[in-house]
Amino acid sequence: MNHPIPAPARPAEAPRAGDGPHGTSAEHAATSPQRPAVTPLRFGYGTNGLADLRLDDALALLADLGYEGVGLTLDHMHLDPLAPNLTARTRRLAQRLDALDLDVTVETGARYVLDPRRKHGPSLLDPDPDDRARRVDLLIRAVRVAADLGAHAVHCFSGVTPPGTDPDTAWHRLAGTLTPVLEAAATAGVPLAVEPEPGHLLATIADFHRLRRALGDPEHLGLTLDIGHCQCLEPLSPADCVRAAAPWLRHVQIEDMRRGIHEHLPFGDGEIDFPSVLAALAATGYRGLTVVELPRHSHAGPQLAELSLPFLRAAEASATRSPALVPPPGDPSVTPEGSTS
């Protein structure tokens, strides 16, 4: 089901390949004495888009296709976080990832891992403190798994505000429930990367900054940026979102999407200008994984995994051939923190 999202006013798009602010990319290159340094991107694929495969088969597929990593969603079919012998199973997985030369980030967006009747429930915002504690326990387990796997981040999200809960109460609950998770992340040395999710309490980059300030800007709190979500509802273009989010960026998810509709789409089926996005991301120096996020396409997961990496590599190559897409440091399109509200 598609999920229409009210769309705020949107500024002008970042330039597409070859359309620099002063003419063609060739003209721009001729007048630019030095291009900013960029960092090659490292692409992964999310196991939530390969849910019909055994985990070992999914990992072997991604390694064979040339991916550098995997976004591992802890779920009943892929490293069940609630089943017995989690430590031993995690140790075996770490060995398998090492043998396949795959890096990993740990994601916690499994739909029914805690409750077979409530999608993504219970959440960090649940009115029942015992239910909130179940979500906190899951996230702390995820942090420990991430530490044992050598993952570069643990992803999470706020959840939808429960009916009858006022926003101030919801924000207070979110800050309170995340505090022990952040303490665990600090102990483990693994960043916690909160994802703005359309329809959730924490839905935008501005909302992330509200949470960050409420918690006192803890060192181990970072941001998961979903490029499709930027296209869906942020007031900035996806490339400008990358630049605005750069100081807090700990994890990136990527897929195509259309304005105002929260539907994860295969590359080329939406509206995103990927060369400009990947150029902006490379220019930040981000070294974590950029993970393809197609959770509703497991029926075609192997085929989409095979198609997605060449698409991203071609978009990345196009970006590096077009200096106009890589803004210099201090580019005025970078907006002040919290300005997306």
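# Aromatic pairs, a helix and a pocket

Biologist: How many aromatic pairs does the structure hold?

Modeller: The structure holds four aromatic pairs. Keep in mind that this is a predicted model.

Biologist: Take Phe 267 and Phe 311. Is that pair stacked or edge-to-face?

Modeller: Phe 267 and Phe 311 are stacked, with 5.0 Å centre to centre and 10° between the planes.

Biologist: Where do Phe 267 and Phe 311 lie?

Modeller: Phe 267 is in the loop between β9 (261–265) and α9 (274–283), while Phe 311 belongs to helix α10 (residues 301–320). The two are 44 residues apart in sequence, so the pair ties together separate parts of the chain.

Biologist: Is Phe 267 buried or exposed? And what about Phe 311?

Modeller: Phe 267 has a relative accessible area of 13% and is buried. Phe 311 is partly exposed, at 31%.

Biologist: Which pair do Phe 274 and Phe 311 form, stacked or edge-to-face?

Modeller: That pair is edge-to-face: the centres of Phe 274 and Phe 311 are 5.5 Å apart, with 85° between the planes. Phe 274 sits in helix α9 and Phe 311 in helix α10, 37 residues apart, and the pair links these distant parts of the chain. Phe 274 is buried, because its relative accessibility is 2% and the cut-off for buried is under 20%.

Biologist: Which residues form one aromatic cluster?

Modeller: Phe 267, Phe 274 and Phe 311 do.

Biologist: Moving to Pro 266, where is its place?

Modeller: Pro 266 is in the loop between β9 and α9. Its relative accessible area is 13%, so Pro 266 is buried.

Biologist: What is Pro 266 in contact with, leaving aside its neighbours within four places in sequence?

Modeller: Pro 266 contacts Asp 256, Leu 294, His 297 and Leu 304. The C-alpha atoms of Pro 266 and Leu 304 are separated by 7.3 Å, although these residues are 38 residues apart along the chain.

Biologist: Back to α10. How many residues does it have, and what span is expected?

Modeller: α10 has 20 residues. From first C-alpha to last it reaches 29 Å, close to the 28 Å expected at 1.5 Å a residue.

Biologist: Which residues of α10 are buried, and what covers them?

Modeller: Among the buried residues of α10 are Gly 301, Leu 304, Leu 312 and Glu 316. The cover over the buried residues includes β1 (42–46), α2 (55–65), β7 (249–254), α9 and β10 (289–292).

Biologist: New topic: what volume does the largest pocket have?

Modeller: The volume of the largest pocket is about 900 Å³.

Biologist: How many residues line the largest pocket, and which lie nearest its centre?

Modeller: 43 residues line the largest pocket, and Gly 109, Arg 111, Lys 119, His 120 and Phe 157 lie nearest its centre. By class, the lining has 11 nonpolar, 20 polar and 12 charged residues. β9 gives the most to the lining, with three residues.

Biologist: Last one: why is helix α8 largely enclosed by the rest of the structure?

Modeller: Eight of the eight residues of helix α8 (residues 238–245) are buried, so α8 is largely enclosed. Those buried residues include Asp 240, Cys 241 and Arg 243.

Biologist: What covers the buried residues of α8?

Modeller: The cover includes α6 (205–214), β6 (221–226), α7 (227–233), β7 and α9.

Note on methods:
Residues are numbered from 1 along each chain as its sequence is written. This is a predicted model: local features need pLDDT of at least 70, side-chain atom pairs count only at pLDDT 80 or more; totals for chains, interfaces and linings use all residues. Side-chain values use heavy atoms; hydrogens and water are left out. Rings of Phe, Tyr and Trp (its six-membered ring) pair if their centres lie within 6.5 Å; planes under 30 degrees apart count as stacked, over 60 as edge-to-face and the rest as tilted. Helices (H or I, at least four residues) and strands (E, at least two) are DSSP runs, numbered from the N terminus. Buried means under 20% relative accessible area, exposed over 50%, partly exposed in between (1.4 Å probe, protein chains only). Contact means heavy atoms within 4.5 Å. The expected span of a helix is 1.5 Å times one less than its number of residues. On a 1 Å grid over the protein atoms alone, a cavity is a set of points where a 1.4 Å probe fits but cannot get out, and a pocket is an open set with protein on both sides within 12 Å along at least five of seven lines; lining residues have an atom within 4 Å of a point. Grid points are joined across faces, edges and corners, and a volume is the space filled by probe spheres set on the points. Ala, Val, Leu, Ile, Met, Phe, Trp, Tyr, Cys and Pro count as nonpolar, Asp, Glu, Lys and Arg as charged, and the others, Gly among them, as polar.
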